[in-house]
Amino acid sequence: MRIDIISVAPELIRSPFEHSILKRAQTKGLAEIHFHNLRDYAVNSYGKIDDYQFGGGAGMVLMMEPIDKCISQLMSDRSYDEIIYLTPDAPVLNQGIANRLSGFENLILLTGHYKGVDQRVRDRFVTLEISIGDYVLSGGELAAAVLCDAVVRLIPGVLGDETSALSDSFQDGLLAPPVYTRPAEYDGMKVPEILLSGNFPKIEEWRHEQSVKRTLNLRPDLLDENATPSKKDS
Ligand code: 6GU
């Protein structure tokens with residue numbers, strides 16, 4: 001998978017890609033990440049990429065032209081499965097979206113800053129809009145890093161143990177069950193007996209029950225059948 005990240009501050013997110021799973025995915029040739037600085041596509045020699053918004057109001061808006069130039073150049077070299085805009089005014093990322101994206105070859109991630117991008121960028125280029133939660137970040141860069149991590153780890157071959165992603169929270173729509181390691185008793189606190197029993201069918205049953213209990217307590221919304229991911233409305 002190739003991911004092109006367009007940003008006004010690419011240096012903000014280089015480091016997550018230089019460690020751990022994201023690094024290993026690149027070393028193994030399973031993921032290729034390319035950063036593009038929007039400033040390189042500025043509309044003048046002073047590096048102008050944003051302007052005041054029509055109609056008045058605080059905050060600068062990223063202009064159409066630099067983004068058009070950058071995306072058009074990328075699109076002339078290959079076709080993209082999705083052009084994703086990271087913004088708080090969008091449907092929230094979930095495991096289903098991450099699973100779907102992990103099957104693609106080429107993605108563009110466009111990250112906003114300030115007041116965001118000219119709406120015409122979204123109308124012309126963007127095929128998918130994603131928020132990573134109901135709070136506002138100063139820019140979309142950290143959100144792009146979160147999205148990349150969630151997606152890249154699902155590419156077959158990235159995780160050492162192929163099955164380990166399957167037992168993550170959310171992969172079956174439930175939160176993960178509690179886990180324990182040695183010692184079996186610490187300061188009077190005991191590991192649940194069943195986990196020491198060696199009875200694996202029973203252990204799986206117990207884990208599932210715990211998952212359901214935890215989900216009911218902490219995230220009952222996940223059990224709501226109507227809580228399916230919403231699509232971009234256009
Ligand atoms: Cl994708 N961007 C920004 N700026 N803030 C956010 C977000 C994205 N998702 C949640 N908050």
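In this predicted model, a nitrogen atom of the ligand lies 2.9 Å from a backbone N or O atom of Ile 132. Residues are numbered from 1 along each chain as its sequence is written. Local features need a pLDDT of at least 70 and side-chain atom pairs count only at pLDDT 80 or more, whereas totals for chains, interfaces and linings use all residues; side-chain values use heavy atoms, without hydrogens and water.

**The ligand site**

| Residue (backbone N or O atom) | Ligand atom | Distance |
|---|---|---|
| Ile 132 | nitrogen | 2.9 Å |
| Leu 137 | nitrogen | 3.0 Å |
| Gly 139 | nitrogen | 3.5 Å |

On its own the ligand has 290 Å² of accessible area, of which the protein covers 96%; such areas come from the Shrake-Rupley method with a 1.4 Å probe. Around the ligand stand 13 residues, and Thr 87, Ile 132, Gly 133, Tyr 135 and Leu 137 come nearest. A residue is near a molecule if one of its heavy atoms lies within 4 Å of it. By class, this shell holds eight nonpolar, five polar and no charged residues. In that scheme Ala, Val, Leu, Ile, Met, Phe, Trp, Tyr, Cys and Pro count as nonpolar, Asp, Glu, Lys and Arg as charged, and the others, Gly among them, as polar.

**Asp 134**

Asp 134 is placed in the loop between β7 (128-130) and α5 (141-152). Because its relative accessibility is 75%, Asp 134 counts as exposed, a term for values over 50%, while buried means under 20% (1.4 Å probe, protein chains only). Although Asp 134 and Pro 88 are 46 residues apart in sequence, their C-alpha atoms are 7.0 Å apart in space.

**Strand β5**

Strand β5 (residues 82-86) is largely enclosed by the rest of the structure, because five of its five residues are buried. Glu 82, Ile 84 and Leu 86 point one way from β5, and Ile 83 and Tyr 85 point the other way. Strand β5 runs parallel to β6 (residues 106-111), and five bridges join the two; strands pair if DSSP finds at least two bridges between them. Leu 86 has Thr 111 as its bridge partner in β6.

**The protein as a whole**

The protein has six helices and nine strands, which are DSSP runs (helices H or I, at least four residues; strands E, at least two) numbered from the N terminus. Of its 234 residues, 40% are buried. An automatic or database assignment gives the domain bounds: domain 1 covers 2-152 and domain 2 covers 169-222. Their centres, taken over C-alpha atoms, are 37 Å apart.

Definitions and conventions. A polar contact is a pair of N or O atoms within 3.5 Å; within protein, one must be able to donate a hydrogen and the other to accept it, and residues adjacent in sequence count only if both atoms are side-chain atoms.
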